[in-house]
Amino acid sequence: MASHESASTPAVAALLAADVAHTVHHYDHDPSSELSYGHEAAQALSAAPERVFKTLCVRADDALALAVVPVAGLLDLKAVARALGVKKAIMAEPDEAERVTGYVLGGISPLGGRKKLPAIIDSSAFDHDQVYISGGRRGLDIELAPADLVSLTDAATAPIAKDA
């Protein structure tokens, strides 16, 4: 059963529209924190960093895509390129990522973006019953089952994370 929260962001609206079970978690984002956005979320939610996933926008050859990896690790761009079947993947420019997704850095969600982008989710998501993703703004995370995340994003899964 889905949360009864109003659709405060397009990501939450996407979950409500799909009637997918989820829990919305709010926390106070600290702009002065020296932690990365994802590690700040993990700490604020008392969640293991392996369960909190960050959404990164990459340029795969000439197209944009989303890569979703645990905040405990780093994105392996070569693995992303392999998973997408392209020659090379690089990080998208921050302003381009914000413009295309409609979200700010630190709040980019794989759900409800301005434009539907191909997505790859690190296969470690299935090591957990529930994972956290950004809810579409800093200080808002969504907890849901990895299978629901894959289904809603039409994502492929592959080992795209590497140790930090």
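Entry 1: I started with Ile 120, whose bridge partner in strand S9 is Ala 156. Strand S9 spans residues 156-158, and three bridges join S6 to S9, the two running parallel. For the record, helices (H or I, at least four residues) and strands (E, at least two) are DSSP runs, numbered from the N terminus. Two strands pair if DSSP finds at least two bridges between them.

**Entry 2: ground rules.** I am working on a predicted model, where local features need pLDDT of at least 70, side-chain atom pairs count only at pLDDT 80 or more, and totals for chains, interfaces and linings use all residues. Residues are numbered from 1 along each chain as its sequence is written, and side-chain values use heavy atoms, with hydrogens and water left out.

**Entry 3: the other neighbour of S6.** I then turned to strand S3 (residues 63-70), which three bridges join to S6 in a parallel run. Here I found Val 68 with Ile 121 of S6 as its bridge partner. Which residues of S6 are buried on each side? I noted Ala 119 and Ile 121 on one side, and Ile 120 and Asp 122 on the other, so labelled by burial: buried means under 20% relative accessible area, exposed over 50%, and partly exposed in between (1.4 Å probe, protein chains only). Both faces of S6 (residues 119-122) are covered.

**Entry 4: helix H5.** In H5 (residues 146-153) I listed Pro 146, Leu 149, Val 150 and Thr 153 as buried. They sit on the same side of H5 because they cover an arc of only 95° around the axis; the arc is that of the directions from the helix axis to the C-beta atoms. The cover over these buried residues includes S6, S7, S8 and S9, with contact meaning heavy atoms within 4.5 Å. Just past H5, I saw Asp 154 with a positive phi of about 55°.

**Entry 5: the antiparallel sheet.** Next I traced an open sheet of three strands, ordered S1-S8-S7 with antiparallel pairing. Strand S1 (23-26) and strand S7 (131-137) are its edges, each pairing on one side only. Neighbouring strands are turned by 30° against each other on average, direction ignored; axes are lines fitted to C-alpha atoms, for helices over the stretch in contact, and angles run from 0 to 180 degrees between N-to-C directions.

Four bridges join S1 to S8 (residues 140-144). Among the pairs, I picked out Val 24 with Ile 142, and His 25 opposite Asp 141. On the other flank, S7 and S8 share five bridges, and Val 131 stands opposite Leu 144. The hairpin of S7 and S8 has two residues between the strands, and Gly 139 takes a positive phi near 90° there.

**Entry 6: how enclosed is S8?** Five of the five residues of S8 are buried, so the strand is largely enclosed by the rest of the structure. Leu 140, Ile 142 and Leu 144 point one way, while Asp 141 and Glu 143 point the other way.

**Entry 7: helix H2.** I found Gly 38, Glu 40, Ala 41, Ala 42 and Leu 45 buried in H2 (residues 37-45). Their cover includes S1, S7 and S8.

**Entry 8: a histidine in a loop.** Last, I checked His 22, in the loop between helix H1 (10-18) and S1. Buried or exposed? His 22 is buried, at a relative accessible area of 6%. Its side chain reaches the backbone oxygen of Val 20 at 2.7 Å.

Technical notes. Polar contact = N/O pair within 3.5 Å; in protein donor to acceptor, adjacent residues only side chain to side chain.
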